[in-house]
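Here is a short report on one protein model and its ligand. Keep the structure open as you read, and find each residue as it is named.

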Amino acid sequence: MSIEDLLKQHVHEIRDFPKPGISFKDITPILANPELSKMVVTALAEHAKSLNVDAIVGIDSRGFLFGASLARLLDLPFVVVRKKGKLPGETIAHSYDLEYGSATLEIHRNAIQPGQRVLIHDDLLATGGTAKAAAELVQQLGGEIATFAFVIDLAFLNGSASLQSYRASCFSLLRYD
Ligand code: AMP
């Protein structure tokens, strides 16, 4: 069975969570399956291999679940992008609009060196606003986006289109069209 089919079987869809109209994709059944979790990290690493990546950036908080393992497997630094107020050091911030209101992500100012090529990872791509905010932070520090890599792409929301301006590939293991 393909990894896409295996993942589909292990993503639990919860309708109207956290609010009406949203079909929440719960990845905890993947995490509960060590073999499948390893396959996820291996597939993401396979994608990253030829891209000369210098660091993995994981987005708070589900981007940490596979992101840290991916960095370890590739023997690369793992950099966290966190929600406002969580990082203790000197940070830069980027705010972006949500359906209702706005959110702010932060990164440590010294987390990326100018010219470093990074892979930006989150568990899921929806509209792309979150990944875009992470990309802005990386670019503000002088980093280059080598690629975006997700476990799930809600392709019907066209998030990848909103990331096109970074001229980086947008990779995912499971698409919902
Ligand atoms: P977006 O900024 O719209 O691309 O949303 C992506 C972020 O929100 C990721 O951090 C996801 O974990 C989370 N997210 C958005 N939509 C869903 C969904 N339907 N199921 C699970 N997580 C979601």
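**The largest pocket**

The largest pocket has a lining of 34 residues, and those nearest its centre are Arg62, Leu98, Leu124, Ala126 and Thr130. Remember that this is a predicted model. The space in the largest pocket comes to about 1,100 Å³.

Which elements give two or more residues to the lining? They are E2, strand E5 (91–97), strand E6 (102–108), E7 and H5. E7 gives the largest share, with four residues.

Now sort the lining by class. It has 17 nonpolar residues, eight polar ones and nine charged ones.

How is such a space found at all? Rolling a probe the size of a water molecule over the atoms shows where empty space is left.

**The ligand and its shell**

What takes up space in the largest pocket? The ligand does: the space it takes is the largest pocket. Two or more residues of the shell around the ligand come from each of strand E2 (23–26), strand E7 (117–125) and helix H5 (129–140).

How many residues surround the ligand? The count is 13, and the closest are Asp122, Asp123, Thr127, Gly128 and Thr130. Thr130 was named above too, among the residues nearest the centre of the largest pocket. By class, the shell holds four nonpolar, five polar and four charged residues.

Look at which part of each residue takes part.

| Residue | Part of the residue | Ligand atom | Distance |
|---|---|---|---|
| Ser23 | polar backbone atom | nitrogen | 3.1 Å |
| Asp122 | polar side-chain atom | oxygen | 2.7 Å |
| Gly128 | backbone N or O atom | oxygen | 2.7 Å |

**Backbone details in the loops**

Turn next to the backbone. The peptide bond from Phe17 to Pro18 is cis, and its omega is near 0°. Pro18 sits in the loop between strand E1 (12–15) and E2.

Another cis peptide bond runs from Asp60 to Ser61, with omega near -10°. Where is Ser61? It is in the loop that lies between strand E3 (55–59) and helix H4 (63–74).

Asn52 belongs to the loop between helix H3 (34–48) and E3.

Methods: Residues are numbered from 1 along each chain as its sequence is written. This is a predicted model: local features need pLDDT of at least 70, side-chain atom pairs count only at pLDDT 80 or more; totals for chains, interfaces and linings use all residues. Side-chain values use heavy atoms; hydrogens and water are left out. A residue is near a molecule or strand if one of its heavy atoms lies within 4 Å of it. A polar contact is a pair of N or O atoms within 3.5 Å; within protein, one must be able to donate a hydrogen and the other to accept it, and residues adjacent in sequence count only if both atoms are side-chain atoms. On a 1 Å grid over the protein atoms alone, a cavity is a set of points where a 1.4 Å probe fits but cannot get out, and a pocket is an open set with protein on both sides within 12 Å along at least five of seven lines; lining residues have an atom within 4 Å of a point. A molecule sits in a cavity or pocket if more than half of its atoms lie within 2 Å of its grid points. Ala, Val, Leu, Ile, Met, Phe, Trp, Tyr, Cys and Pro count as nonpolar, Asp, Glu, Lys and Arg as charged, and the others, Gly among them, as polar. Grid points are joined across faces, edges and corners, and a volume is the space filled by probe spheres set on the points.
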